[in-house]
Amino acid sequence: MSQKIDLTIQHDYLNPFASPHNPRLCPELVDYLSDSTWYHSELELQISCPQDERERLQQAIGNTFAEKSEQLKGDISFQRLGGVVLVVLAISLVLVATALGVEGTIPVGVVTVTAWMMIWRAAEIFLLDIRKGRRELRKYRRIINAPKNFV
């Protein structure tokens, strides 16, 4: 089932700080589009805007969500690196504690709890955070590739 999103563009839909040659949407419109497309696999934009603004609006939509996609890809790479670092730190902590012969209830407990916390956070990163980022990326692609019908 295709989700139709109706947009009525009258004025002030562009980010005032963006270059005129590289237009971007205003944050409110970006939020509206992002919120409206969340659960729909197919998307169609019904846009009501002046004739002379159509091409610039299409360019602004593409530029805005392409930039957001690139930022999100960088964030996902950084999260992936952070998860790997946490796993390596947890393993290193356990190996160092074993090599040093850490004994006693409290020191072993501290090492165990710390290592498990690192592993738990790494699992959250890989299973939840990165997965959420990929859903966002798919949403941005749907917005960029959505058929735009001007009325």
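Select Glu67 to begin: this residue is partly exposed, with a relative accessible area of 32%. The model on the screen is a predicted one. Glu67 and Arg24 form a salt bridge, in which the closest N and O atoms are 2.2 Å apart. Glu67 belongs to helix H2, whereas Arg24 sits in the loop between S1 and H1, so the pair ties together parts that are 43 residues apart in sequence. Arg24 has a relative accessible area of 18% and is buried, because buried means under 20%. Side chains of opposite charge can pair when their charged atoms come close.

Remain in this region and select Thr64. Thr64 is a residue of helix H2, which covers residues 54-99. Is Thr64 buried or exposed? With 6% relative accessibility, Thr64 counts as buried. Apart from neighbours within four places in sequence, Thr64 is in contact with Arg24, Leu25 and Val30.

Next, select Cys26. Cys26 is located in the loop between strand S1 (2-8) and helix H1 (27-36). Its relative accessible area is 9%, and Cys26 is buried. Which residues touch Cys26, once neighbours within four places in sequence are left aside? They are Asp12, Tyr13, Leu14 and Asn15. Draw a distance between the C-alpha atoms of Cys26 and Asp12: the two are 7.6 Å apart in space and 14 residues apart in sequence.

Return to helix H2 and select Glu70 together with Lys73. These two residues form a salt bridge, with the closest N and O atoms 3.6 Å apart. Both lie in helix H2, three residues apart, about one turn of the helix. Lys73 is partly exposed, with a relative accessible area of 38%.

Lys139 and Glu136 are both buried. Then select Arg121, Glu124 and Asp129, which are linked in a network of salt bridges. How many salt bridges does a search of the whole structure find? The search finds six.

The next stop is on the surface. Select Val84, Val88, Phe126, Leu127 and Leu128, which form a nonpolar patch with about 450 Å² of accessible area together. H2 and H3 each supply at least two residues of this patch, and H3 gives the most, with three. Within the patch, take Val84 as an example. Val84 is found in helix H2 and, at 42% relative accessibility, counts as partly exposed.

Which helix provides the largest share of the positive patch? Helix H3 (residues 105-145) does, with six residues. Centre the view on Arg134, which lies in helix H3. At 44% relative accessibility, Arg134 counts as partly exposed.

Key:
Residues are numbered from 1 along each chain as its sequence is written. This is a predicted model: local features need pLDDT of at least 70, side-chain atom pairs count only at pLDDT 80 or more; totals for chains, interfaces and linings use all residues. Side-chain values use heavy atoms; hydrogens and water are left out. Helices (H or I, at least four residues) and strands (E, at least two) are DSSP runs, numbered from the N terminus. Buried means under 20% relative accessible area, exposed over 50%, partly exposed in between (1.4 Å probe, protein chains only). Contact means heavy atoms within 4.5 Å. Patches are made of residues with over 30% relative accessible area and no salt bridge: like charges are joined within 9 Å, nonpolar side chains (Val, Leu, Ile, Met, Phe, Trp, Tyr) within 5 Å. Accessible areas come from the Shrake-Rupley method with a 1.4 Å probe; for residues, only the protein chains shown count as cover. A salt bridge is a side-chain nitrogen of Lys or Arg within 4 Å of a carboxyl oxygen of Asp or Glu.
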